[in-house]
Amino acid sequence: MGESELQYRIAIELIPKVGSITAKRLIAYCGSAEAVFRQSKKALLKIPGVGETIAAEVVNQNVLHLAEKEIEFIERYKIKALYFTDPEYPERLRQCEDGPVMLYVKTHSNINFNSDKMISIVGTRKATAYGKQTCEAIVNGLAAKGHNPIIVSGLAYGIDIVAHKSALKNNLQTVAVLGHGLDTIYPVAHRTVAKEMVEQGALVTDFISGTPFDPNNFLRRNRIIAGISDATIVVESALEGGALVTADIANSYNRDVFAVPGNVTSTYSLGCNMLIKQNKAALVESADDIEFLLGWSTTSKTQTVKQYTINFDHFTNEEKKIINFLKEKGEETVDLIALGTGLPVSTVLSSLLNLEFSGVVSSKPGKVFALKN
């Protein structure tokens, strides 16, 4: 790929009023990011969702100089720029309609965003001793069981930084999703931890350099935290806050959401208790609960896979792919079935429902599915 194509890929989401969904629609209609900028205004206006403002901005190409400047930054600081169709781009995030077109990654490690175990841990910035201890215990417990998940959070004060530090302490890879460009770190107090994470994980953002910290950026950041992982765990939260927003986004992506219960009189347990009470999150107290709900039991992966004789004549191509995948793996979560078959999560969910009605597969806790004996 030439440098000019990267410039267009970066530029497309910098167009005013163009978010990730519209950017992908433009690319799909035109064939590539570069082709979008080669279109006439008349042609652009024929694309659904494109009005006068967007069409004029594309034709004027005012954002290309910003993209050129970003390429200089990327090259100077050895930043990975992942396009949403690149193999290294997180597959779980690619399945999200509003996943970013470009993801910027700072890492010195061999981190694999398509690892089979990724969890996000979020919570209040005003974490209590109970919240911090529970967060540490969960991460310590998962590591002790040998699961080695990648721990994702937002580098904020409170639960976020406890999750990152616990991962580092247990030699687990950890990812911080930032709400600003990679030319700075916020909060400044976490700069040392961020440097450690570059060596044992990654810093990730969809904001170009020069984008300052702004609370309005948190929604974009939170969608990545929710979309890049198998599950989101809320450790502590008041009745309002970013952690609950992340949980809502994760639910909208059909991802697992877990919450740690707390004292009914504690301000920073009210949000978690509400999620559980409203069936928006499963109650978890320990690594054992997470292991069970996600189907991470150490025996499930080592059991001998039974041989099945199935008449394929009555199934769709998508259902056949899922059956063959489960024959090989024995049992898997919805997200990993999607990863392994290359099918969208929505297609996997509808196909699994049909297969369950047909008596071919059975469901287990944690959105885990297996072929019936």
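## The second largest pocket

Seven nonpolar, one polar and four charged residues make up the lining of the second largest pocket. This is a predicted model, and the pocket in question holds about 220 Å³ of space.

Who sits around it? Helix α10 (residues 191–199) is the biggest contributor to the lining, giving four residues.

## Salt bridges between separate parts

Let's turn to the charged pairs. The whole structure contains ten salt bridges. One of them joins E52 to K41, with 2.8 Å between the closest N and O atoms. Because E52 belongs to helix α5 (residues 52–60) and K41 to helix α4 (residues 41–44), this pair ties together parts eleven residues apart in sequence. E52 is partly exposed at 49% relative accessible area, and K41 is partly exposed at 34%.

D230 and R92 also meet through their side chains in a salt bridge, at 2.9 Å from N to O. D230 lies in the loop between α11 (218–227) and β7 (231–234), while R92 lies in helix α7, so the pair ties together parts that are 138 residues apart in sequence. Both D230 and R92 are buried. Salt bridges with shared partners also link K145, D288 and E291 into one network.

## A pair within helix α7

Here is a more local example. R94 and E91 form a salt bridge through their side chains (2.8 Å, N to O). Both residues lie in helix α7 (residues 91–94), three residues apart, or about one turn of the helix. R94 counts as partly exposed at 25% relative accessibility, whereas E91, at 18%, counts as buried.

Notes
Residues numbered from 1 in each chain as written. Predicted model: local features only at pLDDT ≥ 70, side-chain atom pairs only at ≥ 80, totals over all residues. Heavy atoms only, no water. 1 Å grid on protein atoms, 1.4 Å probe; cavity = no way out; pocket = protein on both sides within 12 Å on 5 of 7 lines; lining within 4 Å. Points joined across faces, edges and corners; volume = space filled by probe spheres on them. Helix = DSSP H or I, 4+ residues; strand = E, 2+ residues; numbered from the N terminus. Nonpolar A, V, L, I, M, F, W, Y, C, P; charged D, E, K, R; others polar. Salt bridge = Lys/Arg side-chain N within 4 Å of Asp/Glu carboxyl O. Buried < 20%, exposed > 50% of the residue type's maximum accessible area, 1.4 Å probe, protein only.
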